[in-house]
Amino acid sequence: MRKQISLQRSITLSVLSIGLFSGAFGLAYAYWQTKQSFSEAIGLGFQELARQSADKVGLILEKEVGWVERLSSLPQVREAVREGTRLTFDHQVLERWKESQRPYFRSLEILDRRGRSVGRATSGHPTTQYSRQPWWPVVFDQRRLWVGALRLDEKGDGELDIAVPIVDEVGIVLGAIKAVIEKDQLLTSVLRSRIGETGHVMLVGPKGTVLACPLLPPGRHTALIGSLRDSLASNITPPDAAWMEVQDDAHGQGGGIVGFASVGLRPGIVQAETWSILVRQDPDEAYAPLRLLLWKLVAFGMLVFVVVALLRWRLGRRIVQPINALVERVQRLGQQSGEKPMMAAQSVGIVEIDTLAASFDELTERLERTSHERGRYVAELERTNKELVISEEHYRMLWDHSTETRLLVNEGGIIQAVNRRGETKLAASAGRLIGTKAEDLFREEDRVRLRQSLDAVIAIKKEVLVGEMQMPSPTAGMLIMEVDLVPVENTGSVGAVMVQLSDLTEKKLLEEQLIRSERLASLSQFASMFAHDIRNPLVGIKKTLELLEQDEGSPLAPHRQRWDDMRLTIDLLLGMINDMLDVYQESYSGLPLLNSTVSVKGLVTDVMQLFRSEATAKRIGFYVAMPEDDVAMMADRRRLLRVLINLVHNAIKFSPQGGRITVSVHVEAREWGDRESLDSSSSQVMIRVADEGPGIAPDDLPHLFEMFGRRKDPGDIRMGRGLGLHFCRLVVAAHRGKILAENRSSGGAIFSVELPLNQEAYAGHIADCR
């Protein structure tokens with residue numbers, strides 16, 4: 001049980017707590033605000049000092065560069081470089097320059113355009129291969145001044161290179177002056193600047209490395225990290241400068257404030273690297289006034305707490321006394337059981353508490369009236385709940401026993417409910433479907449349209465008939481669904497959308513079968529009429545050729561090969577027409593066969609002879625692989641010849657220029673246990689036609705031998721009508737064989753024809769199969 005405390009103590013503790021919280025918050029805010037202002041003042045001071053120091057370094061460096069530039073413009077220097085004569089500093093002007101600049105320059109070389117030294121101002125060994133140094137193209141190609149990078153040794157001493165072009169009166173670069181300046185001579189006046197005991201100025205390189213510091217050697221500094229290094233690497237150009245609080249100020253101390261600014265030179269001077277001036281101070285010394293202010297604020301807060309504690313008793317007593325009087329009146333009224341509470345006539349003198357007492361009696365009367373009204377309302381509510389339960393059960397039964405698939409989705413398209421028909425049709429339980437997106441049930445092409453339709457239903461609050469969409473099913477493949485979206489409104493807004501799915505898959509299949517049947521019937525009638533009409537002219541042509549052959553006066557000997565080809569072609573055409581009549585008259589159920597002993601070698605030879613001219617025109621070569629002994633079989637020779645013609649013709653049609661077509665024949669043993677008319681073990685002949693064309697698309701392979709089965713590329717002019725391979729399948733099936741198609745791993749397609757052999761007609765029983 002929660003511990004009880006008196007109202008007076010609660011008020012006192014509340015007042016103290018609020019006072020302490022407000023005081024602590026106020027002191028903390030005052031300290032934070034003071035620290036921000038103090039940090040900003042320090043930072044702006046460091047920033048200004050860094051800016052001034054950077055400007056000073058730039059002015060000193062520009063002064064030295066300008067001195068060398070004036071030296072390059074002296075007539076004596078130009079003449080020596082132009083003539084290639086040795087220049088000495090005995091001249092009064094050069095001697096005076098040498099003496100005045102001796103403390104600043106460690107060495108100086110005067111070079112001509114070929115990199116040869118024509119004069120030196122100090123001792124030391126000259127450098128060779130000047131033309132390979134980075135300043136050479138800047139000076140001679142761009143005619144600009146160059147200031148190199150600051151080089152430091154292990155002791156912290158350093159130097160930097162300066163290169164200035166020697167230009168004649170018309171602006172032609174005659175040579176260059178390369179000088180080496182000592183670091184200390186440039187930075188001594190800048191590094192003397194101090195702030196207190198620990199505040200000082202440092203020179204920092206472009207990667208945040210310290211180049212010069214008056215307190216520590218450069219090697220003992222830590223590397224700059226974080227935003228300070230990024231700011232220095234961003235090459236802030238004058239007059240821009242900044243300050244910030246850093247984690248590490250290069251002296252191993254964090255939480256301090258630094259100011260920095262870039263050292264910039266006047267336009268026309270190329271800097272090999274950009275330097276920055278960094279101003280820092282020990283954080284303990286920088287924030288010493290702030291810590292003193294913090295102790296003063298803490299002392300003031302403690303004084304305020306003591307004052308509040310002294311006033312708590314009097315304040316609590318003044319507030320609690322009228323409340324205790326009101327509690328006593330309420331207890332006295334509550335003891336009058338069964339009677340109307342009497343109002344106290346005595347006032348406590350506090351307007352709010354007197355008003356509360358008067359309101360108490362009025363509240364009692366209202367509670368009694370409300371109690372009777374509540375009883376009537378509860379009875380009405382129970383009756384309504386029973387009706388709602390009955391209605392819910394009724395609608396649930398209609399929902400679950402609907403013949404259509406119904407989904408209830410929210411505004412985001414997430415499934416909230418699914419009926420039993422939907423579980424059966426979608427082959428998934430409601431637990432798996434609820435919580436998933438309704439659009440994921442459909443194929444990817446229809447998802448955007450469903451999402452847009454859902455948004456439209458929610459926006460217009462009207463039913464939308466989306467139309468047909470395809471839905472993948474793990475058991476039935478691809479289902480065709482008619483989608484209807486019905487908004488479900490709640491208090492004037494669409495809270496959900498009912499997705500009604502009507503399965504049109506069977507209807508679509510019946511429509512396709514009907515269209516296919518009508519197409520086949522029309523094609524059968526046309527094919528029969530066409531075959532009947534064209535057969536008579538072909539028979540006449542064949543008879544004419546036979547009569548010409550019997551005519552003794554006809555000169556057939558020179559054209560015997562062409563004559564045979566024409567007769568073979570006419571026989572093939574007549575066979576095709578008869579097969580067409582047979583196929584359509586038999587309603588695709590089978591072909592009547594005229595079996596005889598057939599030589600497989602003869603079949604292949606006739607096909608090669610027939611396509612010899614077409615293959616030669618496309619520079620396609622034939623490669624035939626056959627066994628040494630001929631293979632004979634009982635079959636319908638004319639129809640098997642058509643099968644090979646179709647396969648070879650397709651191979652030529654899809655082969656590239658210069659390709660090769662391989663026709664192979666071999667015999668192998670194969671089990672034919674499912675053949676009723678053959679022994680349990682027999683042999684078969686395998687005829688394969690392989691090309692080097694583009695191959696067969698994986699989606700086309702299952703439908704390759706169907707009637708009207710065509711490739712899905714309508715723009716390919718090589719595409720046929722989808723009848724040749726279908727006829728091949730009928731002929732091979734009539735011979736109780738198999739025809740297969742596959743792709744080669746090296747490219748191209750392979751068609752294989754497997755036919756059973758009659759053992760008595762194989763190897764040695766061939767007379768004249770042609």
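What we have is a predicted model, in which local features need pLDDT of at least 70 and side-chain atom pairs count only at pLDDT 80 or more, while totals for chains, interfaces and linings use all residues. Residues are numbered from 1 along each chain as its sequence is written, and side-chain values use heavy atoms, with hydrogens and water left out.

To begin with the chain as a whole, buried residues make up 38% of its 770 residues, and its secondary structure comes to 18 helices and 25 strands, these being DSSP runs numbered from the N terminus (H or I of at least four residues for helices, E of at least two for strands). If we take contact to mean heavy atoms within 4.5 Å, then among contacts between residues at least 6 apart in sequence, 62% join residues at least 24 apart.

Turning to the cores, the largest nonpolar core has 48 residues, of which Ile110, Leu203, Trp275 and Ile277 touch the most other members, and its largest share, eleven residues, comes from helix H1, residues 7-72. A second, separate core of 42 residues includes Leu603, Val643, Ile696 and Val753.

Now to the helix packing, with axes that are lines fitted to C-alpha atoms over the stretch in contact, and angles that run from 0 to 180 degrees between N-to-C directions. Helix H15 (residues 600-610) and helix H17 (residues 637-654) pack at about 50°, their axes lying 10 Å apart. That angle makes H15 oblique to H17, since angles under 35 degrees count as roughly parallel, over 145 as roughly antiparallel, 65 to 115 as roughly perpendicular and the rest as oblique. Residues that make the contact include Leu603 and Val607 of H15, together with Leu640 and Leu644 of H17.

H17 also packs against helix H18 (residues 724-734), here at an angle of about 145° and with the axes 9 Å apart. Among the residues that meet are Leu640, Val643 and Leu647 in H17, and Leu725, Phe727 and Val731 in H18. By class, this contact of H17 with H18 has eight nonpolar, three polar and two charged residues, where Ala, Val, Leu, Ile, Met, Phe, Trp, Tyr, Cys and Pro count as nonpolar, Asp, Glu, Lys and Arg as charged, and the others, Gly among them, as polar.

Methods:
Core = buried A, V, L, I, M, F, W, Y, C linked by side-chain atoms within 4.5 Å. Buried < 20%, exposed > 50% of the residue type's maximum accessible area, 1.4 Å probe, protein only.
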